[in-house]
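Here are my notes on the model, as numbered points. Please read them with the structure open.

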Amino acid sequence: MHSSSRQRSCRRPTALEDAFEAAQWALLSSAGNALQQLGLRAAAGSPELAGIVRERQDLVAMVAGKEKALGQAGSAGADHADALVRLRGEIDSLRAELAGVDARLSESFPRYADLAHTKPLSVADVQALLDDDEGLLLMLAGHDHIFVWAVGKHDSAWTSRGTTRKLPNMS
């Protein structure tokens, strides 16, 4: 089932660390994030917090829409140079507004901000949370590879396996 296998040890901790954090980002789905945000907003219990969270979500959606439009305008060629400049300006403005909302959240509701904006853990962070007899196994399946990280209290490693078999198209 596999065509290649490579194991990497902690001799290059930056490569392991970068890949470990990238895998965590990849595992965050937009649907899961939307559900998490909805749950956090509902659980907030504060009308002020709920309003700020909704404002942030709206801004994020507007940025995504403008970025999509920018990509479409960019692929349309040089005929749309004015549209590209306008869209970039709008995206920059929205991002500045989003930064202001994030600052308000962090200042007024720091616990919510910490929960809502989770970041991947570093290998060292995971190791600090583990007992001597515990470990973490993280797996990420890509299009043609499977990646696996093993993190123990005092050591870590990762490997990948390429697949030669194609999965059936379900569309």
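1. Start with the strand terms. Two strands pair if DSSP finds at least two bridges between them. Helices (H or I, at least four residues) and strands (E, at least two) are DSSP runs, numbered from the N terminus. On that basis, Val151 has Ser156 in β4 as its bridge partner.

2. A word on provenance. This is a predicted model, in which local features need pLDDT of at least 70 and side-chain atom pairs count only at pLDDT 80 or more, while totals for chains, interfaces and linings use all residues. Residues are numbered from 1 along each chain as its sequence is written, and side-chain values use heavy atoms, with hydrogens and water left out.

3. Overall layout. The protein chain holds six helices and four strands. Read from the N terminus, the order of elements is β-α-α-α-α-α-α-β-β-β.

4. Strand β2 (residues 135–141) runs antiparallel to strand β3 (residues 145–152), and seven bridges join them. Within this pairing, Met139 sits opposite Val148 of β3.

5. Contacts and surface. Which share of the contacts with a separation of 6 or more comes from residues 24 or more positions apart? In the protein chain, that share is 62%; a contact means heavy atoms within 4.5 Å. Of the 171 residues, 27% are buried. Buried means under 20% relative accessible area, exposed over 50%, and partly exposed in between (1.4 Å probe, protein chains only). The accessible surface of the chain is about 11600 Å², and carbon and sulfur atoms own 57% of that. These areas come from the Shrake-Rupley method with a 1.4 Å probe; for residues, only the protein chains shown count as cover.

6. Salt bridges, in total. How many does a search of the whole structure find? It finds six. The criterion is a side-chain nitrogen of Lys or Arg within 4 Å of a carboxyl oxygen of Asp or Glu.

7. Asp58 and Arg54. Their side chains form a salt bridge, at 3.0 Å from N to O. Both residues belong to helix α3 (residues 47–75) and lie four residues apart, about one turn of the helix. Asp58 counts as partly exposed because its relative accessibility is 32%. Arg54 is partly exposed as well, at 40%.

8. Glu67 and Arg95. The closest N and O atoms of this salt bridge are 2.0 Å apart. The pair links distant parts of the chain: Glu67 is in helix α3 and Arg95 in helix α4 (residues 81–108), 28 residues apart. With 34% relative accessibility, Glu67 is partly exposed. Arg95 has a relative accessible area of 44%, so it counts as partly exposed too.

9. Arg86 and Glu90. A salt bridge joins these side chains, with 3.0 Å from N to O. They are four residues apart in helix α4, so about one helical turn separates them. Arg86 is partly exposed at 44% relative accessibility. Glu90, at 22%, also counts as partly exposed. Through salt bridges that share partners, Arg86 and Glu90 join Lys66 in one network.
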